[in-house]
Amino acid sequence: MAPLRHAELVQTSLQLYRYLLRCCKQLPEESIRQHYRHAIRQSFRVHADEDDPERIQQIIRRAIEDADWVMNK
């Protein structure tokens, strides 16, 4: 089960970014939320120049799986 509803609708990097930030809002402590928001921003900066559509979809799937793991932890 995904951390938020409609994870299957995430198709673009901007949608993924918004989705992950909404997931952060559900985390219990502010320090944890800050940590993951920072990690999300850093990850998007690292992958900003990615232009292969297949690789982008792979990154999106992995990010949603990782968010699911964090939310269920």
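Three salt bridges were found in a search of the whole structure, which is a predicted model. Two of these pairings involve Glu30. The side chain of Arg33 forms a salt bridge with Glu30, and the closest N and O atoms of this pair are 2.8 Å apart. Arg33 and Glu30 are three residues apart in helix α2, and therefore about one helical turn separates them. An α-helix has 3.6 residues a turn, so residues three or four places apart point the same way. Glu30 also meets Arg37 in a salt bridge, with an N to O distance of 3.0 Å.

The cut-off for burial is 20%. Glu30 itself is partly exposed, with a relative accessibility of 37%.

A further salt bridge joins the side chains of Asp66 and Arg62, again with 3.0 Å from N to O. Both residues belong to helix α3, where they lie four residues apart, or about one turn of the helix. Asp66 is partly exposed, with 35% relative accessibility, while Arg62 is exposed, with a relative accessible area of 52%. Through shared partners, salt bridges link Glu30, Arg33 and Arg37 into one network.

The buried residues of α1 are Leu16, Tyr19, Leu20, Cys23 and Cys24. Because these residues cover an arc of only 145 degrees around the axis, they lie on the same side of α1. The elements that cover the buried residues of α1 include α2, which spans residues 30–46, and α3, which spans residues 53–72.

Two of the buried residues of α1 are the cysteines Cys23 and Cys24. A disulfide is a covalent bond between the sulfur atoms of two cysteines. The count of disulfides in the model is zero. For Cys23, the nearest cysteine sulfur is that of Cys24, at 7.1 Å; for Cys24, the nearest is that of Cys23, at 7.1 Å. Because a disulfide requires the two sulfur atoms to be within 2.5 Å, a separation of 7.1 Å leaves Cys23 in no disulfide. Cys24 is likewise in no disulfide. Cys23 is buried, at 3% relative accessibility, and Cys24 is also buried, with a relative accessible area of 3%.

Notes. Residues are numbered from 1 along each chain as its sequence is written. This is a predicted model: local features need pLDDT of at least 70, side-chain atom pairs count only at pLDDT 80 or more; totals for chains, interfaces and linings use all residues. Side-chain values use heavy atoms; hydrogens and water are left out. Buried means under 20% relative accessible area, exposed over 50%, partly exposed in between (1.4 Å probe, protein chains only). The arc is that of the directions from the helix axis to the C-beta atoms. Contact means heavy atoms within 4.5 Å. A salt bridge is a side-chain nitrogen of Lys or Arg within 4 Å of a carboxyl oxygen of Asp or Glu.
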